[in-house]
Amino acid sequence: TAQNPLLAVEGVETYYGNIIALRGVDIAVFEGEIVTLIGANGAGKSTLMMTICGNPQARKGRIVYDGEDITHLPTHDIMQRSIAQSPEGRRIFPRMTVMENLQMGALVTDGASFDADLQRVFDLFPRLKERQHQRGGTLSGGEQQMLAIGRALMSRPRLLLLDEPSLGLAPMVVKQIFEVIKDLNREEGLTVFLVEQNAFHALRLAHRGYVMVNGQITMSGTGAELLARPEVRAAYLEGG
Ligand code: ATP
């Protein structure tokens, strides 16, 4: 029997005013997978991520999560359905401490597993434990990214949405963050949808990938298949 995807994006069109940004996008993410979406600056990757979260909403098509049509739900309802997002630009709370940021992530839970969840985030990112009393805004870029992911994990997601976690980070830090994503997937079966401009790292990490050009999906396949495609190499990997 064919398994249903945990997340299905079906024929989605999204507009900014009269301007179309997504032109009929189809994507499926199955439970236990890491799926990546790669594409150039301005292709519409962040718009897709935001559309999944309901802001802006799709004007056509639908988004189905765990069998439920969530296309027209408000963002706060979507975020209560075991979906967590770590948005581009990180958007942690800069004036709150690391600990307070993590507490914010746990607000959608009943709190029963807070201590264990916190311990897990500190195990994944020991730097956050060391800096737990420091304000978010005083962290380095890499630490802020770790905090954004840690905050998302505190909500105990089944699906983790990551928008460009490698943006602006040193190669060593990128490697560390991608290792954590891989471990979460392997050890806990966490399902991950990862938007990245860093195509090389993303395709090596992901089970499957999609390529977006100008608001449309132009290619899909396993990470290894896409890495081997000359068109992908020429457009996204050469010199990168
Ligand atoms: P980046 O890596 O730069 O984030 P992206 O692939 O995520 O690129 P989007 O940010 O989704 O691309 O942008 C897709 C298109 O929609 C671009 O042409 C962009 O200029 C346009 N766009 C994005 N946000 C808005 C907005 N708030 N209002 C109008 N147009 C927008």
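Predicted model: local features only at pLDDT ≥ 70, side-chain atom pairs only at ≥ 80, totals over all residues.
Local features need pLDDT of at least 70 and side-chain atom pairs pLDDT 80 or more, while totals for chains, interfaces and linings use all residues. Residues are numbered from 1 along each chain as its sequence is written, and side-chain values use heavy atoms, with hydrogens and water left out.

**View 1. The shell around the ligand.** There are 13 residues around the ligand, and Asn-41, Gly-42, Gly-44, Ser-46 and Thr-47 come nearest (a residue is near if one of its heavy atoms lies within 4 Å). Helix H1 (residues 45-52) gives the most to this shell, three residues; helices are DSSP runs (H or I, at least four residues), strands likewise (E, at least two), both numbered from the N terminus. A backbone N or O atom of Ser-46 sits 2.6 Å from a ligand oxygen, and one of Ala-43 sits 3.0 Å from a ligand oxygen. On its own the ligand has 630 Å² of accessible area, and the protein covers 57% of that (Shrake-Rupley method, 1.4 Å probe).

**View 2. Asn-185 in helix H7.** Asn-185 belongs to H7 (residues 171-188). Is Asn-185 buried or exposed? It's buried, with a relative accessible area of 8%; buried means under 20%, exposed over 50%, and partly exposed in between (1.4 Å probe, protein chains only). A polar atom of the Asn-185 side chain lies 3.0 Å from the backbone oxygen of Gly-32. Beyond neighbours within four places in sequence, Asn-185 is in contact (heavy atoms within 4.5 Å) with residues including Glu-33, Ile-34 and His-207.

View 3. Phe-114, Asp-117, Leu-118, Val-121, Phe-122 and Leu-124 are buried in H4 (residues 114-124). They span an arc of only 160° around the axis, so they end up on the same side of H4; the arc is that of the directions from the helix axis to the C-beta atoms. These buried residues pack against helices H3 (98-105), H5 (126-130), H6 (141-153) and H7. Turned away from that side are the exposed Asp-115, Ala-116 and Asp-123.

View 4. Most residues other than glycine have a negative phi, and most peptide bonds are trans. Asn-55 and Pro-56 are joined by a cis peptide bond, omega about 5°, with Pro-56 in the loop between H1 and strand S4 (60-65). Asp-66 isn't a glycine, yet has a positive phi of about 50°; Asp-66 is partly exposed at 45% relative accessible area.

Terms used: Polar contact = N/O pair within 3.5 Å; in protein donor to acceptor, adjacent residues only side chain to side chain.
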